[in-house]
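Me: I'm new to reading protein models. Can we go through this one together, a question at a time?

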Amino acid sequence: MKALGYPRLISMENFRIANFELVADSLYWLVQRYYPGVDISDEISTENDRVKFLQDPNETADFANMLKGFNAKEIIQNVSEIDPNETADFANMLKGFNAKEIKQNASEIVKSGAQLYDALGQEPELRDARSRAIAGHVDTDFVDRSIQEAISQEAISQVEDHVRSLEGQLDELERNEKTLD
């Protein structure tokens, strides 16, 4: 929209929730930009007004038919008719356009959003669990003893493995001695 000369800055925050006012403002601006003589109502306070704004057959249908079938080169040509200085910016913006990549990225964004929504739904339960864990008294002596026991159990297990290995080697050695005799 910036490349087209839209006067208002549009941030990503505007797309986090439904923002019909922004959609209506940008559509109104585009219609006025392409068809300056068209009188389109900018009243959108009620649902019926919004439906009328989007479905008005005299103004928005002409605008939709004008855009239908345009490819990127035709859009650049129309932008250059509006302001020739903006053509280079718009053309540079379209150079890296890869429809498959954009579609894949959009799909990943939707999946990430769904995962985030699910995770945020679990947050109250997790917050309670965190609070209980933080509020609970931790016996550091018990933790130290448990760690020492785990270490000593691991050491004992390793020693037992070594003993079994050595016994196996001893048995093999005894068999080899008998074979040599």
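Me: Where does Ser-26 lie?
Reply: Quick note first: this is a predicted model, where local features need pLDDT of at least 70, side-chain atom pairs count only at pLDDT 80 or more, and totals for chains, interfaces and linings use all residues. Residues are numbered from 1 along each chain as its sequence is written, and side-chain values use heavy atoms, with hydrogens and water left out. Helices are DSSP runs of H or I with at least four residues, strands are E runs of at least two, and both are numbered from the N terminus. With that in hand, Ser-26 lies in helix α1.

Me: Is Ser-26 buried or exposed?
Reply: Buried means under 20% relative accessible area, exposed means over 50%, and partly exposed is in between, using a 1.4 Å probe and protein chains only. Ser-26 has a relative accessible area of 15%, so Ser-26 is buried.

Me: Which residues does Ser-26 touch, not counting residues up to four places away in sequence?
Reply: Contact means heavy atoms within 4.5 Å. Leaving out residues up to four places away in sequence, Ser-26 touches Met-1 and Tyr-6.

Me: How many aromatic pairs does the structure hold, and why is the pair edge-to-face?
Reply: Rings of Phe, Tyr and Trp (its six-membered ring) pair if their centres lie within 6.5 Å; planes under 30 degrees apart are stacked, over 60 edge-to-face, and the rest tilted. The structure holds one aromatic pair. The ring centres of Tyr-6 and Trp-29 are 5.2 Å apart and the planes sit at 80 degrees, so the pair is edge-to-face.

Me: Which parts does the pair tie together?
Reply: Both Tyr-6 and Trp-29 are buried. Trp-29 is in helix α1 and Tyr-6 in the segment before α1 (20-34), so the pair ties together parts that are 23 residues apart in sequence.

Me: How many helices and strands does the protein have?
Reply: Read along the sequence, the pattern is α-α-α-α-α-α-α. The secondary structure comes to seven helices and zero strands.
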